[in-house]
Every structure is written in C-alpha cells, then in structure tokens.
Amino acid sequence: MHTAVERMYITTMLKTAVLFCLINWAVSEEQVDPNETKLSSCFGGSVAMTVGALTEKVANLMDKLSQVETKLQNTEKEVTELKSITQGTPQVAFSAALYETGQGNTGPFNVDTPLKYKKVFSNIGNNYNPATGIFRATVKGMYFFRYSMHNSHDGNSVTSLMKNGVCVVSVWDTSSSDSLDMGSNAAVLPLEVGDTVYVQLYANRKIFGDNDYNYNSFTGFLLFALKM
Ligand SMILES: [Ca+2]
C-alpha cells in the first residue's frame, strides 16, 4: 500500500513529465508531422525513461521503508520484554533461620518480641533486616510469607506472623505431654510501601533452635507488584 505522501510524490512526478511533454510539443509544432513528434516525445525517449526510473526509485524506497518498519516493530517488542525483566518486575525475596551460632531457647521475655532470624540465606532487595527481624516493604504488591516454629522442651511456644503489629496467622504448641514438636504457618498478604511483617514470640513463651538444622525459619517474597 502506498502512503499519502508517496502517492502525492508519484502524482507530482507524472504531472511534471506531462508538462515537459506539452512544452516539447509546443516547441516542435512546426515539424512536418506534429502528432508523430508528440507521441514520440511523450511516450518514448528520455521522458519515459525518467518516469520509469523514478517509479523504480519509489518502489525501492517503499521496500526499504517496509524493512525499517519491520525492524522498528521488532525493536519495540524487545524493549517491552526487557522492561518486563527489569523495571516491570521488582525483585524481592528473603529467607533466614533464627540461629547464626549455637543452640538453645529464645525467650522467655517479659513482652511480646519480634524474633530476629539472623542466619540470612538470601535477601534480594534488602527488605528484610536481620538486626530487627522486621521485613519492610519497598514495593507495593502481593507477598507470600511463611515461618516455622520449634517447641522448647521446657516451656510452651506461641508465635504469630504480624503485619504492621497485627496478628495474621499463628503457631502454638505445648511441652507438657510432648515436647520438641514443630509447626508452621503461611499467608499471602497485600503490602503497601512501608508496611512491616515479622514473627512475634509472645511474652513468657519460648522456642528452641540451633544453627545446624535451622528448625525456625522465616521466608518471604514478592509474588507480583501492584500499581501505585
Ligand atoms: Ca508439643
């Protein structure tokens, strides 16, 4: 398909050629056979060759234009794909275990206390702070969190996954009839930038762990970002 600009270009060239024919005919009017001269001037010789050459040039230009258009479409597609890999999908993921060294009980404390999972396995985006145990979202989105708890052999254990200081899900176990049990819980949560998530050990409760088997762990990652 010719574009409007291309059609205008071809029309102008044809008009120029016709005008050239008319001038040529007017100049050679005194010749013996004017009709034969007109035909010869208009449809044969250099004028016809010029029109043919221009038509061929336009066709070549159109072909090149089509090639450029195809390349542009491919480039736009690649840019979209690259955006989806980098800017389109922020990367947030972490996983940590409670003990970096040694073993034993954590707790009891007089007040509800965030657990500090200090052995960091991964922390892409640095949204998790092992010094406080608190995950603070830097990307608005849907997140998955999961934690596990190991019961102490000499006390009850009660923990909760907390969002902005409010209980979401919990794990509870006693050591009265059987100890050293484990439990876990998980949640998918929508987070705004600045929202916090952590695991809380309740006052006067304790949990048991070590740095070899890492029974107590806290994991979270961004499922997908949400529009700001
Ligand atoms: Ca138990």
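Predicted model: local features only at pLDDT ≥ 70, side-chain atom pairs only at ≥ 80, totals over all residues.

Reader: How many helices and strands does the protein chain have?

Author: The protein chain has three helices and 13 strands. Of its 228 residues, 21% count as buried. Among contacts between residues at least 6 apart in sequence, 73% join residues at least 24 apart.

Reader: How should I read a sheet, and in what order do the strands of the open sheet lie?

Author: Strands of a sheet pair through backbone hydrogen bonds, either parallel or antiparallel. Here, five strands form an open sheet in the order 4-1-13-7-10, with antiparallel pairing. Strand 4 (119-124) and strand 10 (182-191) are the edge strands, each pairing on one side only. On average, neighbouring strands of this sheet are turned by 10 degrees against each other, direction ignored.

Reader: How many bridges join strand 1 to strand 13?

Author: Five bridges join strand 1 (residues 93-97) to strand 13 (residues 217-225), and the two run antiparallel. Within this pair, F94 stands opposite G220 in strand 13.

Reader: What does a hairpin look like, for instance that of strand 8 and strand 9?

Author: Strand 8 (residues 157-163) and strand 9 (residues 166-173) pair in the antiparallel sense over seven bridges. S157 has D173 in strand 9 as its bridge partner. Two residues lie between the strands, and N164 takes a positive phi near 50 degrees.

Reader: Which residues touch the most other members of the largest nonpolar core?

Author: They are A96, Y117, Y147 and V199, in a core of 28 residues. Several strands each supply at least two residues of this core, among them strand 1, strand 7 (141-150) and strand 11 (196-201). Not counting residues up to four places away in sequence, A96 touches Y117, K119, V120, F121, Y128, P130, S217 and F218.

Reader: Where does N214 lie, and why is N214 classed as partly exposed?

Author: N214 lies in the loop between strand 12 and strand 13. N214 is partly exposed because 18 other C-beta atoms lie within 10 Å, whereas a buried residue would need 20 or more.

Reader: Which residues does N214 touch?

Author: Leaving aside residues up to four places away in sequence, N214 touches A97 and K119. The C-alpha atoms of N214 and L98 are separated by 6.9 Å, although these residues are 116 residues apart along the chain.

Conventions:
Residues numbered from 1 in each chain as written. Pairing = 2+ DSSP bridges. Helix = DSSP H or I, 4+ residues; strand = E, 2+ residues; numbered from the N terminus. Buried ≥ 20, exposed ≤ 12 C-beta atoms within 10 Å, placed from the backbone. Contact = placed C-beta atoms within 7 Å. Axes fitted to C-alpha atoms, helices over the stretch in contact; angles between N-to-C directions. Core = buried A, V, L, I, M, F, W, Y, C linked by C-beta atoms within 7 Å.
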